[in-house]
Each structure stands twice: as C-alpha cells, then as structure tokens.
Amino acid sequence: MALSIWEILAVFAAGVGAGTINTIVGSGTLITFPVLLATGLPPVTATVSNALGLIPGSISGAIGYRKELEGQRRRILKLSVGAAIGGLTGATLLLALPSTAFETIVPVLVALALVLVVLQPRISRAVQNRRERTGTPARADGGPLLFTGITLASVYGGYFTAAQGIIYLSLMGMLVDDTLQRLNAVKNVLAAVVNSIAALFFLFVADFDWTAVLLIAVGSAIGGQIGAKVGRRLSPTLLRGLIVAVGTAAIVQLLLR
C-alpha cells in the first residue's frame with residue numbers, strides 16, 4: 001500500500017511515541033494502531049505489522065535498562081518461557097477468533113491492573129509482613145502464580161499488545177520483592193519476547209505492510225532509547241502515577257473503539 005509523505009511522517013512519529021511510552025510504561029500500541037488504521041490498513045494487517053515493527057523498540061528499551069537487568073537472568077529466563085507460550089497462543093487466537101472477542105474483557109483487565117498498580121505498595125507490605133510472620137522466604141521468580149499470570153497476560157499481548165506492560169508490572173509488583181524500575185526492565189524484555197514470537201508466527205500466516213513495519217521499527221528503536229533515559233529517572237511514585245494516567249487513557253480509548 002502506497003503512503004503519502006504525511007502518512008509516512010505520521011507512522012514514523014507514532015513509532016517514536018510508541019517506543020518511548022512502551023519502554024516507560026506500556027500501551028504504545030494505542031498510539032500506532034489508530035494511525036495505521038487511518039492510513040487504510042485492515043485491522044489484522046495493522047495489528048501484525050505493528051507487532052513486528054515494535055520489536056526493535058522493545059529491544060532498544062531493554063538495552064537502555066541493561067543496568068537494571070543485572071542479576072535478574074534466572075527470573076527473566078523463567079518468565080520468558082511463559083511469555084513465549086502466551087504470545088504464540090494469542091497470535092493464533094488473533095487469526096482464529098472474531099475481532100470482537102476480546103473487546104469486552106480487555107478494558108476490565110486493564111482497569112484491574114491499574115487498581116493493582118495503585119495498591120501495589122500496600123499489597124507488597126502485607127505480603128512481606130505475612131512472610132515475616134510465617135517465616136516463608138520470598139521467591140525471586142514470583143513462584144507458579146506469577147508464571148501463570150505472565151503466561152495469561154502474554155496471551156492477550158500476542159493478540160493485541162496494548163497495555164500488556166501495565167498488566168506485567170501489576171503482577172510482578174504484587175508477587176516479587178524488588179524495585180519498580182528493575183521490574184520495569186523485566187517488563188521490556190517480556191514485551192520483546194511476546195512481540196517476537198507473535199511476529200515470527202505472523203510471518204508465515206499473515207500479510208504485512210512492510211512500509212509500515214519499517215517506519216515503526218526505526219521510530220520505536222529511537223523511542224526505546226528516549227524512554228529508557230526518561231523512565232530510569234522517574235521516582236517510583238511518579239512512575240506509578242504515569243502508569244495509572246496512561247492506563248486510564250488506554251481504557252477510555254478501548255471503550256470508545
């Protein structure tokens with residue numbers, strides 16, 4: 001599909017914006033997806049092109065957060081398995097189910113995730129106090145509950161990707177005793193895994209718009225570096241507030257679609 005110069009600039013700018021916001025919080029798809037639809041791409045083509053184009057942004061963001069990733073190899077490897085399984089499942093569902101299948105549940109999931117993000121400090125303190133009373137040590141990988149949660153969230157991520165980072169952060173914030181910035185770094189890696197697995201599957205079974213893919217890829221890679229520089233400087237309170245603001249905007253946009 002031929003794009004005008006203004007459409008090319010719009011898609012590229014959307015890629016930069018998505019890469020930036022994905023690295024800091026998530027929900028960058030809510031920037032790129034409407035722009036791709038506005039250029040005339042069919043919804044499924046826009047979804048798969050977006051998934052492939054955002055991979056460089058996720059990788060760029062993870063590289064930008066490489067300091068926070070130190071010492072988390074085991075956690076990342078385990079959760080990446082769940083992300084890969086969920087991402088492949090979600091990609092399969094995208095092509096098998098009608099486009100309206102997730103429209104009702106997605107805003108509910110995002111809203112629940114936001115509530116958990118807001119309550120995360122209290123929940124973490126309550127969990128820590130309970131561990132101290134019972135003498136149960138904290139599990140660095142979050143245990144089976146986190147693995148299951150990440151896998152299920154990745155099913156949604158492979159299907160649409162919007163706000164999956166917020167869901168990841170809410171789950172890890174509850175079940176892992178670590179700083180929000182270090183968990184945010186893990187979130188970027190998991191998002192890269194899901195997008196890569198889904199895009200690899202789509203390569204064999206779906207049609208891409210390669211111009212859109214290239215524009216989003218370059219833009220999101222630049223945005224990933226911008227997001228890492230900005231996001232790493234945010235305090236936990238400010239980062240949590242930004243997550244809630246972006247997530248609320250995501251819910252509004254999803255409900256209005």
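This is a predicted model: local features need pLDDT of at least 70, side-chain atom pairs count only at pLDDT 80 or more; totals for chains, interfaces and linings use all residues.
Helices here are DSSP runs of H or I with at least four residues, strands are E runs of at least two, and both are numbered from the N terminus.

View 1. Residues are numbered from 1 along each chain as its sequence is written, and side-chain values use heavy atoms, with hydrogens and water left out. Count up the secondary structure and you get 12 helices and 0 strands. Of the 257 residues in the chain, 53% are buried (buried means under 20% relative accessible area, exposed over 50%, partly exposed in between, with a 1.4 Å probe and protein chains only). The chain exposes about 11,600 Å², and carbon and sulfur atoms supply 69% of that area (areas come from the Shrake-Rupley method with a 1.4 Å probe; for residues, only the protein chains shown count as cover). Now take the contacts with a separation of 6 or more: 84% of them join residues 24 or more positions apart (a contact means heavy atoms within 4.5 Å).

**View 2. Inside the largest nonpolar core.** A nonpolar core is a set of buried Ala, Val, Leu, Ile, Met, Phe, Trp, Tyr and Cys residues joined through side-chain atoms within 4.5 Å. The largest one here has 62 residues, and Leu146, Ile150, Met172 and Phe202 have the most contacts inside it. Helix α10 (residues 180-205) gives the largest share of this core, 11 residues. Zoom in on Leu146: leaving out residues up to four places away in sequence, Leu146 touches Leu79, Asp141, Leu171, Met172, Leu175 and Val176. In soluble globular proteins, nonpolar side chains tend to be buried together.

View 3. Helix α6 has 24 residues, and its end C-alpha atoms sit 34 Å apart, which agrees with the 34 Å it should span at 1.5 Å a residue (the expected span is 1.5 Å times one less than the number of residues). Among the buried residues of α6 are Arg75, Leu79, Gly82, Gly86 and Gly90. The buried residues of this helix pack against α3 (43-53), α5, α8 (143-159), α9 and α10.

**View 4. Glu68 meets Arg232.** A salt bridge is a side-chain nitrogen of Lys or Arg within 4 Å of a carboxyl oxygen of Asp or Glu, and the structure holds 3 of them. In this one, the side chains of Glu68 and Arg232 meet at 3.0 Å, N to O. Glu68 lies in helix α5 (residues 66-69) and Arg232 in the loop between α11 (210-231) and α12 (236-256), so the pair ties together parts that are 164 residues apart in sequence. Glu68 counts as buried at 13% relative accessibility, while Arg232 is partly exposed at 34%.

**View 5. A salt-bridge network around Asp178.** Arg75, Asp178 and Arg182 are linked in a network of salt bridges. The side chains of Asp178 and Arg75 meet at 3.0 Å, N to O. Asp178 lies in the loop between α9 (164-175) and α10, and Arg75 in helix α6 (residues 73-96), so this pair ties together parts that are 103 residues apart in sequence. Asp178 also bridges to Arg182, with the closest N and O atoms 2.9 Å apart. Arg75 counts as buried at 9% relative accessibility, whereas Asp178 is partly exposed at 21%.
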